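Please consult the sequence and structure shown below while reading.

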Amino acid sequence: GSARYGIPGQGFHDMAYLIDGNNLLGYLAAEELRDPRGRDGLILRLLTFQRATRKRIYLVFDGRPSDCDTYVTVNKKFSVIYPEPGDSADSIIHELIGLQVDKRTFFVVSSDREIRDSARARGIQTLSSAEFSRELKRVIKDQKKMREMDKHVERPSPLEVHLWDDVFKTRR
């Protein structure tokens, strides 16, 4: 089961998004799909979203980097999940959809028809990558405005610092 991915078997209790990472990144920035920095950029955007909305995020990517665990905790409400060798992101997403208990507070983000059908068949709400990215951009824009007004900043976790570091190192 998904216990191997560190996910509670009894389902999730707070509002959560299960995100098809390759699908969303392909929509937002197809040219970054093969670039690990593209993934880091997406994680950072989702981190801003997650901090603002306080929602739980499970981001599933195909193609695990060699120096990476299958389950990466960004913070206590944000996890990045990579399939085991021979497994696929889609199969993990289907498995997690099957585990979901509280369907009112759970959203699956993907434009993949099979994934959306699987979620809907279980009464789970879906958002296409286009719909979710509009929401993502709106929340990030609102966050920027709020930050301008309030300079109090939450301390980043060591992983966040590392991610930002990577992003800026590669942009020089």
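S91 is situated in helix α3, where helices (H or I, at least four residues) and strands (E, at least two) are DSSP runs numbered from the N terminus. The model is a predicted one, in which local features need pLDDT of at least 70, side-chain atom pairs count only at pLDDT 80 or more, and totals for chains, interfaces and linings use all residues. Residues are numbered from 1 along each chain as its sequence is written, and side-chain values use heavy atoms, with hydrogens and water left out.

**S91 and D87**

- S91 has a relative accessibility of 28% and therefore counts as partly exposed; buried means under 20% relative accessible area, exposed over 50%, and partly exposed in between (1.4 Å probe, protein chains only).
- The side chains of S91 and D87 are joined by a polar contact of 2.3 Å. A polar contact is a pair of N or O atoms within 3.5 Å; within protein, one must be able to donate a hydrogen and the other to accept it, and residues adjacent in sequence count only if both atoms are side-chain atoms.
- A polar atom of the S91 side chain also lies 2.8 Å from the backbone oxygen of S88.
- D87 is placed in the loop between β4 (78–81) and α3 (89–99), and D87 is partly exposed, at a relative accessible area of 25%.
- From C-alpha to C-alpha, S91 and I115 are 9.3 Å apart in space and 24 residues apart in sequence.
- D87 and G63 are 24 residues apart in sequence, with 9.7 Å between their C-alpha atoms.

- Strand β2 (residues 56–60) is largely enclosed by the rest of the structure, because five of its five residues are buried.
- In a regular strand, side chains alternate between the two faces of the sheet.
- Both faces of β2 are covered, with R56, Y58 and V60 buried on one side and I57 and L59 buried on the other.
- β4 is likewise covered on both faces: F78 and V80 are buried on one side, S79 and I81 on the other.
- Strand β1 (residues 16–20) runs parallel to β2 and is joined to it by five bridges; two strands pair if DSSP finds at least two bridges between them. The bridge partner of L18 in β2 is Y58.
- β2 also pairs with β4 in the parallel sense, over four bridges, and the bridge partner of L59 in β4 is V80.
- β3 and β4 run antiparallel and are joined by four bridges. V72 stands opposite V80 in β4, and the two strands form a hairpin with two residues between them.

**Aromatic pairs**

- Rings of Phe, Tyr and Trp (its six-membered ring) pair if their centres lie within 6.5 Å; planes under 30 degrees apart count as stacked, over 60 as edge-to-face and the rest as tilted. By this rule there are five aromatic pairs.
- The rings of Y17 and F107 are stacked, because their centres are 5.3 Å apart and their planes at 25 degrees. Y17 lies in strand β1 and F107 in strand β5 (residues 106–109), so this pair ties together parts that are 90 residues apart in sequence.
- Y17 is buried, with a relative accessible area of 6%, and F107 is buried at 15%.
- The rings of Y17 and F132 have centres 5.4 Å apart and planes at 55 degrees, so this pair is tilted. F132 belongs to helix α5 (residues 129–149) and Y17 to strand β1, so the parts tied together are 115 residues apart in sequence.
- F132 is buried, as is Y17.
- One aromatic cluster is formed by Y17, F49, F107 and F132.

**The second largest pocket**

- The second largest pocket has a volume of about 430 Å³. Of its 20 lining residues, D40, P65, D67, C68 and Y82 are the closest to its centre.
- On a 1 Å grid over the protein atoms alone, a pocket is an open set of points where a 1.4 Å probe fits, with protein on both sides within 12 Å along at least five of seven lines; lining residues have an atom within 4 Å of a point.
- At least two lining residues each come from α2 (36–53), β3 (71–75) and α6 (158–171), and α2 supplies the largest share, five residues.
- The lining comprises eleven nonpolar, two polar and seven charged residues. Ala, Val, Leu, Ile, Met, Phe, Trp, Tyr, Cys and Pro count as nonpolar, Asp, Glu, Lys and Arg as charged, and the others, Gly among them, as polar.

Note on methods: Grid points are joined across faces, edges and corners, and a volume is the space filled by probe spheres set on the points.
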